[in-house]
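Reader: Hi! Could you walk me through some side-chain details of this one?

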Amino acid sequence: MEETFRWYGPNDPVPLDFVRQTGATGVVTSLHHIPYGEVWSIEEIQKRQKMVTDAGMVWSVVESLPVHEEIKTGRGRCDEYIENYKKSIENLAACGIHVITYNFMPVLDWIRTDLHYRLPDGSEALYFNQAQFAAFEVFILQRPGAEKDYSPAKLAEAKAFYDSMDSVEIQRFTTNLIDNFPGFKGVTLDDVRAMLKKYENLTRADLERNLKHFLTEVCPVAEKCGSILVIHPDDPPYPILGLPRIFSTIDDVKNLLAMVDSPANGVCFCAGSFSGRSDNDVVEIFKACAPRVGFVHLRSTQHDGNGNFFEANHLEESVDMYRLVKAILEEELRRQKEGRADWKLPFRPDHGHTMLDDLAKPPCPNPGYTAIGRLKGLAELRGLEFGILKSMNLL
């Protein structure tokens, strides 16, 4: 596997010279300063690429090239934004960058209700609590009909949580939920309400149809460029805000691969996102899409049995990381024997804990992406990979 580290650009508090010290040879980054839907020019791509190469690494993966909301809804300037997307794919390929991550989650990307969940060892993790999210939907966002999505017991729990906060805490809680996405900062409750309005009456079938239209248009361009588009799983992997999510289970994976049968239609295999559903067998999901995986996120989650989960240590809890890494290495070996140029899969540690010296620093503007927790995760994963390769007589 190719070890990579996510870097958020020049304003990332973790500088590139620190990233290089982790053992990563590749960087995963994005042009967050370019508004969603606009073309990424060769000039802007090369500026970022030069920063990475000057630091002694390569820009391995784009994470992400955002899909505009009007592509997801199939409305407004949808076709114009798709044409812009095609041009960005071509420009990235011209610069030698061929793995492009995207997601098709409506309105909000990944969601957590607590960015500083304190663990018994004193470190902090990202946490999703259903009752807390219900409090946001029902009492803060006041989404029409939101209460119908929760049981009376869950609503009572949500009300108790809401009542426990003062106005300052409510504002902080709201900001943590809706204003964490690079390239999409400054989001307000009214912005979220306006976006939800654009999805009114949009069904799961509509969203799947819009994804298929997008892929039908962009995959031939990516294929011609020798590139692969890899979709990130939904996080959490079930419907949120009353909207469908369509990439959460093994059936969704199979549906995606059949939707557009192209080597350019691929998967960003995020173990942690898939593990957000306790009924998902993460290793079996990987095997179902292995030939079309272009990028891997490795992390795990710990569940409490009530639909809540937090980010666990990378080698522990819901994901059988040994079986998963072994399956990834076996897929790499299969590709190598076939003579595939993309046989070595880029991976990165995902959502590390905030720990040690990072606890004393100002809150990271990119939750889950402090340096030390990810360094720990990468070291553990590299060690696991080394041991498996040794056991397979490949080292």
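Author: Happy to. This is a predicted model.

Reader: What do Lys72 and Glu69 form?

Author: Lys72 and Glu69 form a salt bridge, and their closest N and O atoms are 3.4 Å apart.

Reader: Are Lys72 and Glu69 buried or exposed?

Author: Both Lys72 and Glu69 are buried.

Reader: How many salt bridges does the count come to?

Author: The count comes to 36 salt bridges.

Reader: Nice. Which residue forms a salt bridge with Glu217?

Author: That would be Lys86, with the closest N and O atoms 2.8 Å apart. This pair links distant parts of the chain: Glu217 sits in helix H9 (residues 204-225) and Lys86 in helix H4 (residues 78-94), 131 residues apart.

Reader: And is Lys86 buried or exposed?

Author: Lys86 counts as buried, because its relative accessibility is 13% and the cut-off for buried is under 20%. Glu217 is partly exposed, with a relative accessible area of 29%.

Reader: What about Asp261, which residue is its salt-bridge partner?

Author: Asp261 pairs with Arg292, and the closest N and O atoms are 3.6 Å apart. Here too the pair links distant parts of the chain, 31 residues apart. Asp261 is in the loop between helix H10 (250-259) and strand E8 (265-270), while Arg292 is in the loop between helix H12 (282-289) and strand E9 (293-298). Asp261 is exposed at 69% relative accessible area, whereas Arg292 counts as buried at 15%.

Reader: Which residues are linked in a network of salt bridges?

Author: The network links Arg6, Glu63, Arg112, Asp235, Arg299, Glu311, Arg348 and Asp350.

Reader: Let's stay with Asp350. Where does Asp350 lie?

Author: Asp350 lies in the loop between strand E12 (346-349) and helix H14 (371-391). Asp350 is buried, with a relative accessible area of 1%. Its side chain makes a polar contact with the side chain of Arg348, at 2.8 Å.

Reader: Leaving aside neighbours within four places in sequence, what is Asp350 in contact with?

Author: With those neighbours left aside, Asp350 is in contact with Cys270, His297, Leu298, Arg299, His314 and Tyr369.

Reader: Cysteines next, then. How many disulfides does the count come to?

Author: The count comes to zero disulfides.

Reader: Last topic, helix H8. Which residues are buried in H8?

Author: In helix H8 (residues 189-198), the buried residues include Val192, Met195 and Leu196. They are on the same side of H8, because they cover an arc of only 100° around the axis. Asp190 and Lys197, on the other side of H8, are exposed.

Reader: What do the buried residues of H8 pack against?

Author: The buried residues of H8 pack against helix H5 (130-141) and helix H7 (167-178).

Reader: Great, thanks!

Conventions:
Residues are numbered from 1 along each chain as its sequence is written. This is a predicted model: local features need pLDDT of at least 70, side-chain atom pairs count only at pLDDT 80 or more; totals for chains, interfaces and linings use all residues. Side-chain values use heavy atoms; hydrogens and water are left out. A salt bridge is a side-chain nitrogen of Lys or Arg within 4 Å of a carboxyl oxygen of Asp or Glu. Buried means under 20% relative accessible area, exposed over 50%, partly exposed in between (1.4 Å probe, protein chains only). Helices (H or I, at least four residues) and strands (E, at least two) are DSSP runs, numbered from the N terminus. The arc is that of the directions from the helix axis to the C-beta atoms. Contact means heavy atoms within 4.5 Å. A disulfide is a pair of cysteine sulfur atoms within 2.5 Å. A polar contact is a pair of N or O atoms within 3.5 Å; within protein, one must be able to donate a hydrogen and the other to accept it, and residues adjacent in sequence count only if both atoms are side-chain atoms.
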